[in-house]
Amino acid sequence: MGVNSSDRPDGYRPEPTKQAAVAPAAATPIPSPDQEQRHHDVCLPPHMTTLQKLKKRLAEVFFPDDPLHRFKNQTGPRKLLLGLQFVFPVFQWASEYDLALLRSDAVSGLTIASLAIPQGISYAKLANLPPIVGLYSSFVPPLIYALLGSSKHLAVGPVSIASLVMGSMLSEEISPTHDPILYLKLAFTSTFFAGLFQASLGLLRLGFIIDFLSKATLVGFTAGAAIIVSLQQLKGLLGIVHFTGKMQFVPVMYSVFHQRDEWKWQTIVMGFSFLLFLLTARHISMKRPKLFWVSAAAPLTSVMISTILVFCLKTKLHGVSVIGHLPKGLNPPSANMLNFSASYLGLAIKTGIITGILSLTEGIAVGRTFAAMKNYQVDGNKEMMAIGLMNIAGSCSSCYVTTGSFSRSAVNYNAGARTAVSNIIMAAAVLVTLLFLMPLFYYTPNVILAAIIITAVIGLIDYQAAVRLWKVDKLDFMACLCSFLGVLFISVPLGLAIAVGVSIFKVLLHVTRPNTLVMGNLPGTQVYQNIRRYRQALRVPSFLILAVESPIYFANCTYLQERVMRCIREEEEWIQENGGSMLKCIILDMTAVTAIDTSGIEFVSELRKTLEKRSIQLVLVNPAGSVMEKLHQSEVLEAFGVNGVYLTVSDAVSDISALWKSEA
């Protein structure tokens, strides 16, 4: 049974090919005619014009979720409402919002505010920015996200990894101490480009670009960055004044021990005492999730206690450095500070894109994690646009890169947040702080900020994930290790580049070196499986059944040609050693071949010709619709004849075996 040609309007009817007698290879009896089941024909897909194919392909690439399906069969007013809900997700739940929801959101909003305020100040220091910028970044972006975001539990604000990357990339070319104004301008400009890049990905539905940061590379990258961040905080924990600005392991450790004469015992005692307190609070909340408020309140509690201690004992703790004056008031506009001059434009764009990718990856991953827990959907493209627009707005209101924080979102979730209003409540608490409470932070010691940062980033070191990678996929583990070592010993940006490079290399490896399996029959069934995986699977006399588990492209055609010929050689050697039947037919199972290009078609055609010269028949099994269509359009199928294409391996074996018997 071959290609179904009787129903074809174009009269396609392939000519039969000459059958050649050649050799078996095996151990399984060929199914007898009375055991055979009805064979099914391989059909071409429905006819489509080039424009229809292009439209369908673009829809699959850019609109896999069919975002406009809700507008079908709707009236004008209803479409308007759905359009508003589509652009502004707040309209989806605002009409049903009640006092009970407000009560839950108020509790969670105030809880995450207690965490966001000290973390905002700390992360701004990590990015080499004034501490007040961290608070500004915890006010405007959450308000924007509450209107545009689709996650109910994502808590928005500065995050450690994006802060570290921005600080390390900008400080490589601009000194935050010698030229703080220019540095601040470039931070806002980088934030603008990060937001523009993120929003563009969402608008153009190109979110698959961030998928090149695989889970494995992110595990290594975040662990390496967390260690570098923690080591950098030794400056604050030990009270060192002259510290290296480099972000590599060796220079940081050298600076720590080279500046031993600057260590201050008062700072060390206070820093490690509060670090122990924060880590203990974190451990309690991890062991007992119902006590989430312990770790949430610990940073603000540490800030309050340490500030009171320094204020009361300032004459005795003169060696402990403090934050100092923080200006009161709302975010000042910063659109006039965006620097698009040619000399720094490349640095701003590069920093913006890298921090944008990292923050986007973290924000979407966190949002989807908590959405899965509550069984609702988070639209990835909407999230990209929401995060991008809030960063664009933030760059014009004295904010730097923000996204959804895992630690704050976890607290938000455990505190019972029901909607994005918790972000509005948090922003309101930050607003009160900005307007009235800034003088209270004057005596807050910098060592507390270092302790808060270490406690926050230590959770990013997921050694259990690395162990799982080693057990499950050694190549993924190597990608994780390369990313980790790159960040730790080279630099954060280059470590990220290594991570992306390893991920792309892995993709290319899978594409250019696809799996090619030798199949055998499971006794008593019509199922054919890999003979190396299923020891009971037996070779079929006179047949070699191969399966290709990849699209056939220009990149892997040469490899597949060599691999198939090697399999034939090995099969013939096995036949000679075991006295098997002569090999007569190669069956190529194309079930997993999802696509083929012109080089792939040429590979199939050349393989058929090569085998024909050796009196071996080539048979194709179950080509996908698009593959079948291309093979037909190229007229390659005509050379295969009526016994050249089958729907299943079982059909091919039984039909060709019966043909051989009739010719005998």
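**Terms and their grounds**

Mentor: Let us begin with residues 533-656, where the chain is 44% helix and 15% strand and the end C-alpha atoms are 26 Å apart. The unreviewed UniProt entry lists these residues as "domain: STAS". Please keep in mind that this is a predicted model.

Trainee: What describes the protein chain as a whole?

Mentor: The protein chain has 25 helices and eight strands. Its C-alpha atoms fill a box of roughly 110 × 65 × 55 Å along the principal axes. Of its 664 residues, 51% count as buried. Among contacts between residues at least 6 apart in sequence, 81% join residues at least 24 apart.

Trainee: Which residues does the record give as "transmembrane region"?

Mentor: The unreviewed UniProt entry places that feature at several spans, among them 182-201 and 291-311. Residues 182-201 are 100% helix and 0% strand, with end C-alpha atoms 28 Å apart. For residues 291-311 the figures are 95% helix and 0% strand, and the end C-alpha atoms lie 31 Å apart.

Trainee: Why are helices α12 and α13 called roughly antiparallel?

Mentor: The axes of α12 (residues 265-287) and α13 (residues 292-312) cross at roughly 165 degrees. Angles over 145 degrees count as roughly antiparallel, and α12 and α13 therefore receive that description. Their axes come within 7 Å, and the crossing is right-handed. On the α12 side the contact is made by residues including Met270, Phe274, Phe277 and Arg282; on the α13 side the residues include Phe292, Pro299, Ile305 and Leu309.

Trainee: What makes α20 and α21 roughly antiparallel?

Mentor: The axes of α20 and α21 cross at roughly 165 degrees and come within 7 Å. Since the cut-off is over 145 degrees, α20 and α21 are therefore roughly antiparallel to each other. Their crossing is right-handed. The contact involves, among others, Leu475, Ala479, Cys482 and Gly486 of α20, together with Gly495, Ile498, Val502 and Leu509 of α21.

Trainee: Why is Ser503 called buried?

Mentor: Ser503 has a relative accessible area of 7%. Ser503 belongs to helix α21 (residues 492-512).

Trainee: Which residues of helix α19 are buried, and how do you know on which side of α19 they lie?

Mentor: In α19 (residues 463-472), the buried residues are Ala465, Ala466 and Leu469. They cover an arc of only 100 degrees around the axis, which puts them on the same side of α19. These buried residues pack against α9 (215-232) and α20 (474-489). The face turned away from the buried side carries the exposed residues Tyr463 and Lys471.

Trainee: What makes the phi of Asn375 worth noting?

Mentor: Phi of Asn375 is near 60 degrees, a positive value in a residue other than glycine. Most residues other than glycine have a negative phi. Asn375 is found in the loop between α14 (342-373) and α15 (380-395).

Trainee: Is Asn375 buried or exposed, and why?

Mentor: Asn375 has a relative accessible area of 71%. Exposed means over 50%, so Asn375 is exposed.

Trainee: What is the phi of Ser542, and where does this residue lie?

Mentor: Ser542 has a positive phi of about 75 degrees although it is not a glycine. Ser542 lies in the loop between β4 (528-530) and β5 (543-548).

Trainee: Why is Ser542 called buried?

Mentor: Its relative accessible area is 7%. With the limit set at under 20%, Ser542 is therefore buried.

Terms used:
Residues are numbered from 1 along each chain as its sequence is written. This is a predicted model: local features need pLDDT of at least 70, side-chain atom pairs count only at pLDDT 80 or more; totals for chains, interfaces and linings use all residues. Side-chain values use heavy atoms; hydrogens and water are left out. UniProt positions are given in the numbering used here, feature names are shortened, and annotations may be inferred rather than shown by experiment. Helices (H or I, at least four residues) and strands (E, at least two) are DSSP runs, numbered from the N terminus. Buried means under 20% relative accessible area, exposed over 50%, partly exposed in between (1.4 Å probe, protein chains only). The arc is that of the directions from the helix axis to the C-beta atoms. Contact means heavy atoms within 4.5 Å. Axes are lines fitted to C-alpha atoms, for helices over the stretch in contact, and angles run from 0 to 180 degrees between N-to-C directions. Angles under 35 degrees count as roughly parallel, over 145 as roughly antiparallel, 65 to 115 as roughly perpendicular and the rest as oblique. A crossing is left-handed if the near helix is turned anticlockwise from the far one by less than a right angle, and right-handed if clockwise.
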